[in-house]
Amino acid sequence: RESAILPGVCRPAGVPLGAVVEEMQSSIGTQSGRDVAEVTLTGLRIAPGLGMGSAWVVGDRLECRGDAHRIELHEVERELIRLRVAFDQTRAELQEAARRVEEQFNSHLADIFRAHEMMLDSLQSSTEFVQELQGSLVNAEAVVRRIFRRWQEKFHSLTGETFQQRADDVADLGRKVLRHLEGEDADRLKNLPAGSVLVLKHLLP
């Protein structure tokens, strides 16, 4: 395990520093003789060596509250269309990933993305999204977060490594759909400053 002392922690817009710190089980102290908050985040590094730089803390897109707001009943169809477009874009992304992986590696690895596509189709074909939109009258982003987290928790509640992996798969699909719903500007790694130390709970493709 690695620890990093990170003064001036960066965080996604709208995510309080306290929430980030609490989520990552960090401890807060005050540097002796300096009027600055010091945050210690403990986790695992993904590469050997020592890295130094400004911390760039990225919250989980699926877990943050995001842009949730109420809609009117006549706006449900508009949000359903937005959902269909985001699912189509996610499906195309998975198909392209499967094609590239099969070309560069083998069909066995590509089947992972095809399995994700089947899972995506199964979720979209359910009535949950329509029911959630009509019942709660919130925008598509909020509905996606609710439903994908619900399925993630269902798999997490089951024992066995396979079910835990399915929980991670569902969560990753939810993040992809949300990224397409929120637009390209919502990619929080796109503008990662050079020389930064990336801090996040999950680093997925």
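**Exercise 1.** Which residues have the most contacts inside the largest nonpolar core, and how many residues does that core have?

*Solution.* Keep in mind that this is a predicted model. Start with the count: the largest nonpolar core has 29 residues. Next, pick out those with the most contacts inside it: Leu83, Phe129, Val144, Phe148, Val177 and Leu181. Then look at where the core comes from: two or more residues each are given by helix 2 (76–104), helix 3 (107–125), helix 4 (128–136), helix 5 (140–156) and helix 6 (161–182). Finally, another core lies apart from this one; it has 5 residues, including Val39 and Val57.

**Exercise 2.** Find the contacts of Phe148, leaving aside neighbours within four places in sequence.

*Solution.* Working along the chain, Phe148 touches Leu62, Phe87, Leu123 and Phe129, among others. Further on, Phe148 is also in contact with Val170, Leu173, Gly174 and Val177.

**Exercise 3.** Describe how helix 2 and helix 6 pack.

*Solution.* First take the geometry: the axes are 8 Å apart, at an angle of about 120 degrees. Angles from 65 to 115 degrees would be roughly perpendicular and those over 145 roughly antiparallel, so helix 2 is oblique to helix 6. The crossing is right-handed. Now the residues: helix 2 brings Arg82, Leu83, Ala86, Phe87, Gln89, Thr90, Glu93 and Leu94, which meet Leu173, Lys176, Val177, Arg179, His180 and Leu181 of helix 6.

**Exercise 4.** Where is Leu137 found?

*Solution.* Leu137 sits in the loop between helix 4 and helix 5. Now check its backbone: phi of Leu137 is near 50 degrees, a positive value in a residue other than glycine.

Key
Residues are numbered from 1 along each chain as its sequence is written. This is a predicted model: local features need pLDDT of at least 70, side-chain atom pairs count only at pLDDT 80 or more; totals for chains, interfaces and linings use all residues. Side-chain values use heavy atoms; hydrogens and water are left out. A nonpolar core is a set of buried Ala, Val, Leu, Ile, Met, Phe, Trp, Tyr and Cys residues joined through side-chain atoms within 4.5 Å. Buried means under 20% relative accessible area, exposed over 50%, partly exposed in between (1.4 Å probe, protein chains only). Helices (H or I, at least four residues) and strands (E, at least two) are DSSP runs, numbered from the N terminus. Contact means heavy atoms within 4.5 Å. Axes are lines fitted to C-alpha atoms, for helices over the stretch in contact, and angles run from 0 to 180 degrees between N-to-C directions. Angles under 35 degrees count as roughly parallel, over 145 as roughly antiparallel, 65 to 115 as roughly perpendicular and the rest as oblique. A crossing is left-handed if the near helix is turned anticlockwise from the far one by less than a right angle, and right-handed if clockwise.
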